[in-house]
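Subject: Structure for you to look at

Hello,

Here is the structure I said I would pass on.

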Amino acid sequence: MTQSAPQPYEYRRRELVEPDWTRLPGWRDVTREQWESAQWQRVNCVKNIKQLRAVLGDLVDERYYADLSADQEQFATMSMLLPPQMLNTMVPFPTDTAPGSWTEAFYADPIRRYMIPVASDRRTDWPSHPHSTRDSLHEHDMWVAEGLTHRYPTKVLAELLSTCPQYCGHCTRMDLVGNSTPQIDKLKLTLKPVDRYEAHIAYLRAHPGVRDVVVSGGDVANVPWRNLESYLMRLLDIDTIRDIRLATKALAALPQHWLAPDVVEGMERVAKTASRRGVNLAIHTHVNHAQSVTPLVAQAAKTALDVGVRDVRNQGVLMRGVNATTPELLDLCFALQGEAGILPYYFYMCDMIPNAEHWRVAVWQAQALQHDMMGYLPGYATPRIVCDVPFVGKRWVHMVTEYDRENGISYWTKNYRTSIEDSSTEELRSKRYAYYDPIDTLPESGQKWWRKQLTAAA
Ligand code: SF4
């Protein structure tokens with residue numbers, strides 16, 4: 001094609017590069033063998049400010065650590081847990097290593113902005129939306145057995161455990177996942193894992209209309225492999241289950257786990273059984289920025305495909321300051337699709353949990369991003385941006401039924417009942433469910449309206 005004007009987005013292939021971890025003072029002497037060991041990665045996870053300082057040395061000013069400490073005390077809904085692999089993707093190719101020289105780049109880094117947020121990242125006007133809640137998707141309300149959410153007619157979410165090898169600041173399951181923080185006392189799973197899993201299997205056997213199980217948590221990379229394999233094999237024994245999806249951010253945050261020989265061999269056994277029984281076995285991961293897609297991540301995804309997993313797909317989360325621009329989203333999608341064998345599948349709008357307003361985008365902004373992403377990627381690899389509407393479920397952002405832009409309230413409908421509803425089909429079809437834009441994105445008249453609502457409710 002001959003063209004004189006540049007396209008709004010110019011694609012150029014970029015090969016993946018593993019950032020050099022020895023640029024970090026605390027890992028100057030770490031060997032490749034250590035780096036590629038899942039055990040070394042787990043043992044050396046960064047869990048607190050002291051450990052972060054030990055890795056970064058004097059590259060980042062004290063100002064950042066004070067800001068981080070203030071956030072942990074006043075706002076954080078998740079505790080800190082960073083595998084070295086993930087920390088190594090922040091400020092990946094610095095030009096300077098003088099004391100303090102990383103401070104600004106570290107503040108601006110997209111991975112840092114959601115994995116180790118600081119108090120100054122949060123909004124002071126509207127840190128939380130008035131309708132934000134701890135379990136914003138009401139997954140817990142829809143448990144049919146401990147950890148088993150039945151929200152859609154044919155699919156369930158199975159939360160096997162409440163931990164992950166990494167904790168994301170924006171986690172939608174902040175109610176349950178991870179350690180308690182000064183702000184959030186977490187809900188606890190109470191059954192022994194063996195009893196929880198037994199209850200899931202019993203429910204699925206008794207409900208042949210459920211054909212699709214998202215096996216999640218937390219992150220399945222924290223389930224001891226033997227237990228996970230046994231759970232998956234029991235699912236595969238139920239002949240009404242036709243899709244199994246394993247949810248693991250660790251594929252990108254700790255690819256070493258998915259490359260460990262015992263895990264690869266176990267996945268091969270599970271994938272072979274799934275293939276024999278005609279079940280679609282897939283891995284769903286959670287990557288939010290192209291910086292996270294490194295050769296080791298690509299190797300982990302390709303290894304899963306080589307042993308017979310049908311597909312590896314990405315479900316990212318759309319967040320301001322992280323990826324909410326068209327070039328950032330397309331760069332990520334091309335890295336996933338073109339270099340790592342991971343299908344860009346969804347971007348979720350960040351859910352309405354407390355203290356998340358600085359990350360959330362408005363529905364109209366998500367619609368504009370969806371529009372601007374069209375036409376660059378193969379159609380089957382063009383991700384859908386979805387809004388997970390409370391009591392409804394995922395809706396493509398263009399499916400909004402009615403939208404009050406002034407006050408930032410969108411209305412959505414649905415065509416099925418969740419496990420906690422008993423309405424007639426007519427009631428179901430006529431009911432509208434609300435979702436709310438971040439108030440700081442509204443015109444002044446809308447912001448004033450919300451201030452008035454809050455004063456009236458006080
Ligand atoms: S990996 Fe998923 S479940 Fe775990 S903290 Fe991150 S968003 Fe939450």
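D135 counts as partly exposed, because 18 C-beta neighbours lie inside 10 Å, and a residue needs 20 or more to be called buried. Please keep in mind throughout that this is a predicted model. D135 belongs to the loop that runs between α7 (110-115) and β1 (143-145). Apart from neighbours within four places in sequence, the contacts of D135 are H140 and D175. D135 and P354 are 219 residues apart along the chain, and their C-alpha atoms are separated by 9.7 Å.

T181 sits in another part of the chain, in the loop between β3 (155-159) and α8 (193-206). T181 has 20 other C-beta atoms within 10 Å and is therefore buried. If neighbours within four places in sequence are left out, T181 is in contact with Q72, A76, T77, M78 and S79. T181 and Q337 are separated by 156 residues in sequence, and their C-alpha atoms are 36 Å apart in space.

Q315 is part of a strand, β7 (residues 311-318). Q315 is classed as buried because it has 20 C-beta neighbours inside 10 Å.

R429 is in helix α16 (residues 425-430). Is R429 buried or exposed? R429 is exposed, because it has 11 other C-beta atoms within 10 Å, and 12 or fewer puts a residue in that class. Leaving aside neighbours within four places in sequence, R429 is in contact with T413 and N415. The C-alpha atoms of R429 and V322 are separated by 36 Å, and the two residues are 107 apart along the chain.

V91 is not a glycine but has a positive phi of about 45 degrees. V91 is located in the loop between α5 (84-87) and α6 (103-108). V91 counts as buried, because 23 C-beta neighbours lie inside 10 Å. N355, again not a glycine, has a positive phi of about 60 degrees. The loop that holds N355 lies between β8 (343-349) and α15. N355 has 24 C-beta neighbours inside 10 Å and so counts as buried.

Now the helix packing. Two packed helices are described by the angle between their axes and the distance between the axes.

Helix α9 (residues 225-236) and helix α12 (residues 261-276) cross at roughly 5 degrees, and their axes come within 10 Å. The two helices, α9 and α12, are therefore roughly parallel to each other, since angles under 35 degrees count as such. On the α9 side, the residues involved are W225, E229, L232, M233 and L236, and these meet D262, V263, G266, R269, V270, T273 and A274 in α12. By class, the residues of this contact of α9 with α12 are 7 nonpolar, 2 polar and 3 charged.

Helix α14 (residues 326-340) packs with helix α15 (residues 363-373) at an angle of about 55 degrees, and the axes are 10 Å apart. That angle makes α14 and α15 oblique to each other. The crossing of α14 and α15 is right-handed. The contact is made by T326, L329 and L330 from α14, together with L369, D372 and M373 from α15. The contact of α14 with α15 has 4 nonpolar residues, 1 polar and 1 charged.

Regards

Definitions and conventions
Residues numbered from 1 in each chain as written. Predicted model: local features only at pLDDT ≥ 70, side-chain atom pairs only at ≥ 80, totals over all residues. Axes fitted to C-alpha atoms, helices over the stretch in contact; angles between N-to-C directions. Helix = DSSP H or I, 4+ residues; strand = E, 2+ residues; numbered from the N terminus. Parallel < 35°, antiparallel > 145°, perpendicular 65-115°, else oblique. Left-handed = near helix turned anticlockwise from the far one by under 90°. Contact = placed C-beta atoms within 7 Å. Nonpolar A, V, L, I, M, F, W, Y, C, P; charged D, E, K, R; others polar.
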